[in-house]
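Subject: Structure for your review

Dear colleague,

Please find the structure below, together with its sequence.

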Amino acid sequence: MSDFASPDARNAFIAGLPKAELHLHIEGSLEPEMMFALAQRNQVAIPFASVAEVRAAYAFSNLQDFLDIYYQGMAVLLTEQDFHDLTAAYLARAANDGVRHVEIFFDPQGHTERGVAFATVITGITRALDAARARGLTSRLILCFLRHLDEASAEATLDEALPFLSLIHGVGLDSSEAGHPPAKFARVFARARALGLKLVAHAGEEGPPEYVWEALDVLEVDRIDHGNRALEDPALVARLAASGMCLTVCPLSNLALCGVPDLPSHPLRRMLDLGLAATVNSDDPAYFGGYVNRNFEAVAEALDLDRAALVKLAENSFRGAFLGDAERDAHLKAVRAYVG
Ligand code: HPA
Ligand code: ZN
């Protein structure tokens with residue numbers, strides 16, 4: 001039973017709760033208003049006449065439906081300033097949501113294949129991250145490989161990243177999951193690990209529990225992104241719980257992409273009850289209806305999460321983050337201080 005006096009009281013508690021966001025695709029934070037502004041600035045044609053028309057197109061029945069629109073939206077991102085502005089807008093919203101630390105995915109192949117240089121992308125993003133750091137919001141950058149492309153393309157992307165390794169903390173795996181198992185990227189992940197990078201992978205969003213096993217045993221990831229379908233396999237749940245493996249769960253994304261029929265059916269509460277280190281994240285907030293606090297509010301209401309569950313989610317976010325021990329401890333202390 002919820003121990004808040006009202007939904008407003010719960011939302012106020014969520015608003016002030018210190019948290020880390022660990023699953024955020026920066027290209028998925030492109031709001032329709034910015035899409036229009038950048039289309040105009042860069043003289044790029046987009047197949048929409050108004051912001052309302054863009055929002056109306058955001059009715060998805062699965063991951064691929066969304067990805068088709070997501071890659072189309074990226075076409076307006078061309079210059080370093082575009083990537084800066086996109087990132088700065090997300091960071092302002094995150095800070096407003098009480099996010100103290102963020103780990104951001106970017107999809108370089110979505111840009112280099114359109115002729116935008118890797119350097120343009122990472123320089124723009126990094127300039128915004130540096131400005132936010134000066135204001136107290138820390139960050140890590142995670143380069144994602146598009147899994148619908150082949151491993152040679154991922155290898156070439158890692159080659160392009162080499163001059164910028166000091167700016168990149170990890171690699172991830174995103175895009176169309178079905179038919180593209182983690183093992184397809186075994187060699188490039190091994191190379192990334194040898195370079196000292198952290199490893200994460202989307203697994204069990206639409207794909208079967210076997211893909212989560214592969215992410216753990218073949219890629220040797222440090223975190224699982226989503227992981228929802230792990231719940232179908234009790235041995236896998238036991239493995240994830242015993243190892244304290246962080247799951248970056250994205251409730252409004254799961255709802256928008258029909259991974260769950262409604263939020264009361266969302267597995268987050270079950271994950272916590274099973275001892276899994278679940279976190280709450282926004283994935284692609286411009287497309288799925290809200291930033292991190294909106295995800296917390298919606299899932300807390302649907303699952304009647306109490307104060308202890310919300311605190312656990314915030315603690316899990318800092319425990320799962322790629323932070324040094326001192327930084328992690330300071331954030332965990334801030335959570336305890338907030339709870340009182
Ligand atoms: N899943 C897989 N790939 C993605 C997503 C997602 O939710 N968002 C952006 N790329
Ligand atoms: Zn994602």
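A crossing of two helices is called left-handed if the near helix is turned anticlockwise from the far one by less than a right angle, and right-handed if it is turned clockwise. By this convention, helix 5 and helix 7 cross in a right-handed manner. Please bear in mind throughout that this is a predicted model.

Helix 5 with helix 7

Helix 5 spans residues 80-96 and helix 7 spans residues 118-134; they pack at an angle of about 35 degrees, and their axes lie 7 Å apart. On the side of helix 5, the contact is made by Glu 80, Gln 81, Phe 83, His 84, Thr 87, Ala 88 and Leu 91. These residues meet Thr 120, Val 121, Thr 123, Gly 124, Ile 125, Arg 127, Ala 128, Leu 129 and Ala 132 of helix 7. Sorted by class, the contact of helix 5 with helix 7 comprises eight nonpolar, six polar and two charged residues.

Helix 1 with helix 15

A second pair is formed by helix 1 (residues 7-16) and helix 15 (residues 292-303), whose axes come within 10 Å and cross at roughly 145 degrees. The crossing of helix 1 with helix 15 is right-handed. Helix 1 contributes Arg 10, Asn 11, Ile 14 and Ala 15 to the contact, while helix 15 contributes Asn 293, Phe 296, Glu 297, Ala 300 and Glu 301. Four nonpolar, two polar and three charged residues make up this contact of helix 1 with helix 15.

Overall form

In total, the protein contains 17 helices and eight strands. Its C-alpha atoms occupy a box of roughly 55 × 45 × 40 Å along the principal axes. The radius of gyration is 19 Å, which agrees with the value near 20 Å that a compact globule of 340 residues would have.

Cavities

Two cavities of 30 Å³ or more were counted. The volume of the largest cavity is about 110 Å³. This cavity is lined by 16 residues, of which His 25, Leu 63, Phe 66, Leu 67 and Asp 284 are the closest to its centre. Helix 4 (residues 63-73) supplies the largest share of that lining, with five residues. By class, the lining of the largest cavity holds seven nonpolar, four polar and five charged residues.

The second largest cavity has a volume of about 30 Å³. Its lining consists of Met 35, Ile 46, Pro 47, Phe 48, Gln 72, Gly 73 and Val 76. Five of the residues lining the second largest cavity are nonpolar and two are polar, with no charged residues.

With kind regards

Notes: Residues numbered from 1 in each chain as written. Chains lettered and ligands numbered in written order. Predicted model: local features only at pLDDT ≥ 70, side-chain atom pairs only at ≥ 80, totals over all residues. Heavy atoms only, no water. Axes fitted to C-alpha atoms, helices over the stretch in contact; angles between N-to-C directions. Helix = DSSP H or I, 4+ residues; strand = E, 2+ residues; numbered from the N terminus. Contact = heavy atoms within 4.5 Å. Nonpolar A, V, L, I, M, F, W, Y, C, P; charged D, E, K, R; others polar. 1 Å grid on protein atoms, 1.4 Å probe; cavity = no way out; pocket = protein on both sides within 12 Å on 5 of 7 lines; lining within 4 Å. Points joined across faces, edges and corners; volume = space filled by probe spheres on them. Rg over C-alpha atoms; globule rule 2.2 N^0.38 Å.
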